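Subject: Structure handover

Hello,

Here is the structure for you to take over. Please look through it first; my notes follow below.

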Amino acid sequence: MKINPEEITSIIKDQIERFEAEAKVEEVGTVLEAGDGIARVYGLDNCMASEMVEFEGGVYGMALNLEEDTLGVVVLGDYLKIREGMTVKRTGRVLEVPVGEELIGRVVNPLGIPVDGMGPIKTDLTRPVESPAPGIADRQPVDVPMQTGLKAVDSMIPIGRGQRELIIGDRGTGKTAIAVDAIINQRDSGMRCFFVAIGKKASTVAQMVEKLRESGAMEWTTVIVASADDPAPLQYIAPYSGAAMAEYFMYDRGKETLVIYDDLSKQAQAYRQLALLLRRPPGREAYPGDVFYLHSRLLERAAKLSEAKGGGSLTALPIIETQGGDVSAYIPTNVISITDGQIYLQPDLFFAGVRPAINVGISVSRVGGKAQVKAMRQVAGSLRLDLAQYRELEAFAQLGTDLDKSTQAQLDRGERMVELLKQPQFMPMPVENQVVSIYAGAKGFLDRIDVEHVQRFETELLDMMQAKHPDVLSGIREGGKLTDEIESKLKAALEAFTESFK
C-alpha cells in the first residue's frame, strides 16, 4: 500500500487548525489540620466566602473563615475521612442546592441529596443556599389568609401569606403538631410546603413523613432533614436550603409557599459549635456575636412579592424551643423580635388537655385581622380578649370567693369556648366549619350545654349543617363573609338544633 505524503500533511494541518489549546487551571490547597467537622486549609488564596471546596475523596466543604494565611472550612459530610496533608481544590461555586418540581414529595438532606430511597432527583435547576431578601419595593402588604385549619389559630392569631409567625414553647407541647396540621390543611390551596427538620431524631422525622403520606400531604410537600446524628454544618445550612427550594417557586413560578423551620434553637446550637471550633470570639451564652444575623437573614427572606415580581409568597413558621417556659432567654427574644408575632404554647394547658395549648395572653399576630377571612373576623372579633379575661377570672375563682352572676356567666362561657377550641391532631377544619362553631359559642348557643357535651354538640352540629344547610356553608366559603341572609339562616338552624340536642 502506497502512502501519499500530501494526504498525511493535509490531515496533520487539519488537526492543528482544529486543536483548541485549553489549559485547565485548578487552584489547589492543603489541609493543615482537621477534626470535629472543621478543616484548616492553606493555599487557596482567592477563595470566596461560602464557596464550596472539594477535598480529596469527593467530600465537600464550605469556606466560612477567610483568614490572612489560612481558610477555616466546615466539612459538609463525613469529616473523619479528612486527613492532614490532603489536597483541597476550589470549585468556583458558592454553596447551592437543586430546586424544582422534582423535589416535591421527596425527603432530602440539606445538600438536596435524596434520603428516602426513591432514586435520584433529576433536575438541572439550582439556587444558591444564601440569597438576599427582597427589598421593600419588591413586596406588597400581607392580606391573604394562610389557613392552618386550627380553630384557635385561625380565629385568634391569624397568619397571612408572606408572614413570619413564631411557634414557641417548651419541649413536648405540640409545636410540630401545629406546623404539620398547617401543611395538611393546604390540600386545595395550591401552596407548596417545605418542612425543615433540624437536630431531630431520624425516627421522629420518619414517623412525621409517614403521617404526611397517610394524609396525602406529601403530594405538595418536601422534607429537608438534618437529623441529630448529622454533622453540625448540615444542621447550620438546613434552613437556608429549605428557603432556597421554596424561593424557586416564589420567584420563578409566582406560587405561594410555606416553610417550617423545626427548630431554630438547634440551628443556633450547631452554629455556636462551628463558631467556637473556628475560634470566633464567644459572646452571651457562648453564642457568637452574629447569631442574631443568623436568623434575621433567614427570616427576612419570607415575603409577599409585588405583582410586578409575580405575586408569589413565602410564609415562614419558625419554631423555637424554650426551657422552663423562659421566653426571655437569648435566642427566643432574638427570634421574637424578628418575626411578626408568636404562638406561645404553655405546658400547663397542654397537660390539662387543652390542645392546641395556646396561651392567648402572650400569643399575638402583628398582621392580625388584615389576614383573616371577613366571616371569621365578624364572629371572632372579641374572642381573644374574652379568653384572656376568662383565664384571669379562672385564677381568681380558684380562691373560692363568691362570684356575682355576670362573673359566673363569663366563667361558664369561657369554659365552653376553651372546650370548643380543642382540636385533635391531624384533623384540620375548613374555614366555613370553624365560623359556624365559633358563631355558636360566641352567640351563647352553648351556654345551656354541659361542658362534657360541647365537642359532641359541635360534631353533630357540623354534620347537620352539611346535610341540611349546605348552602350556608358554601355561602361562607365562597363569599368569605356573613351576610345578613346567611346569618339569619345560620341563627335559625342553630336555634332548631339546640332545641333538639339531647
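**What was found**

T123 sits in the loop that runs between β8 (107-108) and β9 (126-128). The model is a predicted one, and the notes below should be read with that in mind.

Is T123 buried or exposed? T123 has a relative accessible area of 17%, and because the limit for buried is under 20%, T123 counts as buried. A polar atom of the T123 side chain lies 3.2 Å from the backbone nitrogen of L125. Leaving out residues up to four places away in sequence, T123 touches P98, V99 and E102.

The next residue to look at is R127, which is placed in strand β9. R127 is buried as well, with a relative accessible area of 15%. Which residues does R127 touch, not counting those up to four places away in sequence? They are E96, V97, V99, A244, E247, Y248, Y251 and D252.

Strand β5 (residues 70-75) comes next. Six of the six residues of β5 are buried, so the strand is largely enclosed by the rest of the structure. In a regular strand, side chains alternate between the two faces of the sheet. In β5, T70, G72 and V74 point one way, while L71, V73 and V75 point the other way, and all are buried.

Which strands pair with β5? Strand β2 (residues 38-42) does, in the antiparallel sense and over five bridges. On that side, Y42 stands opposite T70 of β5. Strand β4 (residues 60-66) pairs with β5 too, again in the antiparallel sense over five bridges. There, M62 has V74 of β5 as its bridge partner. Three residues lie between β4 and β5, and the two strands form a hairpin.

Last, the surface. I8, I12 and I16 make a nonpolar surface patch of about 290 Å². Of these, I8 lies in helix α1 (residues 5-18). The relative accessibility of I8 is 40%, so I8 counts as partly exposed; that class lies between buried, under 20%, and exposed, over 50%.

Regards

Methods
Residues numbered from 1 in each chain as written. Predicted model: local features only at pLDDT ≥ 70, side-chain atom pairs only at ≥ 80, totals over all residues. Heavy atoms only, no water. Patch = residues over 30% accessible without salt bridge, like charges linked within 9 Å, V, L, I, M, F, W, Y side chains within 5 Å. Areas by Shrake-Rupley, 256 points an atom, 1.4 Å probe, with all protein chains shown as cover. Salt bridge = Lys/Arg side-chain N within 4 Å of Asp/Glu carboxyl O. Helix = DSSP H or I, 4+ residues; strand = E, 2+ residues; numbered from the N terminus. Buried < 20%, exposed > 50% of the residue type's maximum accessible area, 1.4 Å probe, protein only. Polar contact = N/O pair within 3.5 Å; in protein donor to acceptor, adjacent residues only side chain to side chain. Contact = heavy atoms within 4.5 Å. Pairing = 2+ DSSP bridges.
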